[in-house]
Amino acid sequence: MSELVTLQRQGHVGLLLIDNPPVNAFTRELREQLRAALQAFAADAQMLAGVLACEGNTFIAGADLREFDTGIAAPLLRDLLDELEALDKPIVAALHGTALGGGVETALACHARVALQGTRLAFPEITLGIVPGAGGTQRLPRLIGIPASLDLMLSGRMVTADEALALGLVDKVVASDLRQAAATRAMELAAIGHEHLRASARELPEAAPTADYFDEQRKAAAKTNPNRTVPCSIVDAIEASASSRAFAEGIAHEARLSDDSLTTVESRALRHLFFAERQTSEVPGLDDGIAPRAITSVGIVGGGTMGRGIAMAFANAGIAARLIDVSAEAAAKALAEIRKTYESRVKRGRMSAEAMESTLRLIHCAGTMGELSDVDLVIEAVFESMALKQKIFLELDQICKPGAMLATNTSTLDINTIAAVTSRPEDVLGLHFFSPAHVMRLLEIVRTDHTSDEVIRSAFEMARRIRKTAVLARVCHGFIGNRIMDPYGREAERMLLEGASVEKIDGVLQQFGWAMGILAVYDLAGVDVGVKIREERRDSLPDDPSYYLPSKLLAEQGWLGQKSGRGFYNYDPETRSRTPNPEAEALFRRAADELGIRQRQIDDEEILDRCMYALINEAAMVLEDGIALRAADIDVVYNNGYGFPRYRGGPLFLADEIGLEKIVAGIDAFRQQLDPQYWQASALLRSLAESGGSFADRDRGKG
């Protein structure tokens, strides 16, 4: 066993030093060694006080989440921290970097806390569907009070060392000599006594709130976190610290709530995504020895919404961007719009004026394509026209230096066809950003038939630098996300013709947990966008006059969504708030009558099943066709790019939860009841259902 904890005598101070790279996370081995070190410290009469510190860039950044699935072995952290707090010698936590979850709970069990300037602390457990379970819900309120504890644990937000000091979470903040400052404080406590500083021995810093207060907190937590149970359980645990229960009883209550939270669907879903998002850059067959190309400057062709957002994404990461548009005047207008965006951030206190000017200096409006001759990466971001994109790539092929990566931001078009006009198809790839590109985390990296391994490696490294969650896709219409979205939206629009209202469809989807209903999404993006894309590929569309007919009818009326003030909904010109558009629904009813489509009542269950089963089935086909590497990658795409509720894990995690046999049976039933050309279960989905397998099994190589 490697040495994860050392005990060093420094005068009369014992330095307990944790060294478990990369983030000093608690593992069973670390807990075992820390317990042994604490026992050795307690037994050494020469050590009058102790300092708990960490090597590396950070203090303890939580637990090893893999244990939550495999089983947490003794010693449990909650028991270890009880032992630490009960020591008859004081121990001071020396905090630096980030202290997260169990790391903060460890600091709370110490008798004082000294933090280095720049340290950040947080309880991120709520983002993983977990109730803190190592005493945090009982010790924290005794240090900073109930309201502040609820704020930190229900938001999961980071606090700086200075804010932690103001709250009472840490006792001192130093600019340097952290361990010496902690040692000095430890010896002071050895001289005056530390028993009164045990969090378990403290009273709340204010009068305990009433039961009504906690009822209101539960209502607020449920409203902020619909369809979830863990936030209310966190309130329950913190309430125990304010009751007449003894500290030990509060700890036991917290332990029950924490252990129960680990078995909830939301916790398993959120932990699934935690690991999935860290796995997307693992590409089978890609040589780890391949070094990424250096990307120090980027060219962007197209100054529209996407081009501007992409330029900002790079500038925000300190990478110079040159923006090209149809004319120098258009490019200058794009830069003015970028400045407005940054000025809005400054006005809201999200950015300093100095940072804005520094970032803007990285964005340059280039007058001609020739100014892209020396950039390392060019991203084309013009509208979806194959002819236009091929023209641009033909020109870039002639202008750009050897080794420059040529990328398209297309969301649907065949990148193999685009690459074919160049003499360097191995350097061509898709970089599908999501709007607004400077905000949205998702980036689909699309590999063509000829894209080199070096370019793929470089794209993932670039994504890391600009803080994007990147997922690899192969070429097909819509790649991963938009291809899967197509049948989901198809069913929503078909149900409009069958009698369901816009509000009801979107309401069911939002109640399920989507950030927006699909019809509101179309209004936000522009109804005409999808119509134009379908027109571009009309030869490959189904032989069905009802296919996406509502969108087509709206576009013909000039009702394009938010940008025109009317679409599936009507929009207030000042507030953008939406209200029903009865004229649109009348339009849909007339079209349904002309096609002989029977109007009927459609219940919530059918709306949700048709939309979700269509989505899941297409996701299975994307996996079956090799467009996505893993089911988990598809889940990452939908959580980071499409507003799928994280606490449900993603389309294919959800499918495993529902049960693949049930989904196949539902698809088969819809095949009998509805248009059979749309309802054919994926071969992969049916095979997994018949074998009792799951998408998770397949990702693990078991299916």
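## Salt bridges within helices

In this predicted model, D215 and R218 pair through their side chains in a salt bridge, with 3.0 Å from N to O. Both residues belong to helix α9 (residues 211-224), where they sit three residues apart, about one turn of the helix.

## A charged network

The structure holds 52 salt bridges. One of them joins the side chains of E606 and R600, at 2.7 Å from N to O. E606 counts as buried at 17% relative accessibility, while R600 is partly exposed at 23%.

This pair also takes part in a network of salt bridges that links R490, E491, R494, E498, R600, E606 and R610. Side chains of opposite charge can pair when their charged atoms come close.

The largest nonpolar core has 102 residues, and the members that touch the most others are I480, W514, F568, F588 and F695. Helix α25 (residues 604-624) gives the most to this core, contributing eleven residues. A second, separate core holds 60 residues, among them L80, A93, A134 and L257.

## Backbone features to check

Most residues other than glycine have a negative phi, and most peptide bonds are trans. F479 has a positive phi, near 55 degrees, and lies in the loop between β17 (469-474) and α19 (481-498). F479 is buried, with a relative accessible area of 0%. R576 also has a positive phi, near 65 degrees, in the loop between β18 (569-571) and β19 (578-580); R576 is partly exposed at 45% relative accessible area.

As for cis peptide bonds, one joins P21 and P22, with omega about 5 degrees. P22 is placed in the loop between β2 (13-18) and α1 (28-43). Another cis bond runs from S435 to P436, with omega near -5 degrees, and P436 is found in the loop between β15 (428-433) and β16 (442-447).

Key: Residues are numbered from 1 along each chain as its sequence is written. This is a predicted model: local features need pLDDT of at least 70, side-chain atom pairs count only at pLDDT 80 or more; totals for chains, interfaces and linings use all residues. Side-chain values use heavy atoms; hydrogens and water are left out. A nonpolar core is a set of buried Ala, Val, Leu, Ile, Met, Phe, Trp, Tyr and Cys residues joined through side-chain atoms within 4.5 Å. Buried means under 20% relative accessible area, exposed over 50%, partly exposed in between (1.4 Å probe, protein chains only). Helices (H or I, at least four residues) and strands (E, at least two) are DSSP runs, numbered from the N terminus. A salt bridge is a side-chain nitrogen of Lys or Arg within 4 Å of a carboxyl oxygen of Asp or Glu.
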